[in-house]
Amino acid sequence: MAFQAETEQEAIKYAKKALKIEPDNIDAQVIIAENSIYDHIKLINKFEKIKKAAEQKLVEEHLLTEENIGDFWLLTETRPYMRLLYNRMRLLLDCGKIGKEKNACLEILDLNNDDNLGARFILMHIYAYFEDEKSAVKLFERYDCQKSTQFLLPLSTLYYKLGK
């Protein structure tokens, strides 16, 4: 209900109710943070705290294991964590922290090879921005030379910038 709330106050109210039932609810923590912290740097710091606590919980629940890494989206228990990582990555972009955003994209892709959240498309734009042809080609090949505009446009821009 918090996701569908019409106001920030209503979203916070529902998220707080969810936390009473499930104190470790990552989605509820993110909703409260996003609807009550308006300073982007403070919000990034809050996301980092939520991330650290969530990682500890995933370790305790034996979900953050070698056998699960790469297939996190297939485990419904890890999806709130993946959404947190994605929201954090988008916030880093909003703050112009593109280098950190690149690392956040790579972290998402390491945990979920199929990239159900679409971090690979953002990463391709980052590689084009930094004129990193080698990494861009490697990413393009990793996803079987996907011929979507979200891959081809930044690649075209990259090659234009490189004079190729």
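Lys-13 sits in helix H1 (residues 8-21), where helices are DSSP runs of H or I with at least four residues, numbered from the N terminus. The model is predicted, so local features need pLDDT of at least 70 and side-chain atom pairs count only at pLDDT 80 or more, while totals for chains, interfaces and linings use all residues. Residues are numbered from 1 along each chain as its sequence is written, and side-chain values use heavy atoms, leaving out hydrogens and water.

Lys-13 has 42% relative accessibility and therefore counts as partly exposed; buried means under 20% relative accessible area, exposed over 50%, and partly exposed in between (1.4 Å probe, protein chains only).

Next come the salt bridges, each a side-chain nitrogen of Lys or Arg within 4 Å of a carboxyl oxygen of Asp or Glu. The structure holds 10 of these salt bridges. One of them joins Arg-88 to Glu-48, with the closest N and O atoms 2.6 Å apart. Arg-88 lies in helix H4 (residues 79-94) and Glu-48 in helix H3 (residues 40-60), so the pair ties together parts that are 40 residues apart in sequence. Arg-88 is buried, at 9% relative accessibility, whereas Glu-48 is partly exposed, at 32%.

Glu-133 and Lys-164 form another salt bridge, their closest N and O atoms being 2.7 Å apart. This pair links distant parts of the chain, 31 residues apart: Glu-133 is in helix H7 (residues 133-142) and Lys-164 in the segment after helix H8 (149-161). Glu-133 is partly exposed, with a relative accessible area of 24%, and Lys-164 is exposed, with 62%. Elsewhere, salt bridges that share partners join Glu-48, Lys-51, Glu-55, Arg-88 and Glu-107 into one network.

Notes. Helix = DSSP H or I, 4+ residues; strand = E, 2+ residues; numbered from the N terminus.
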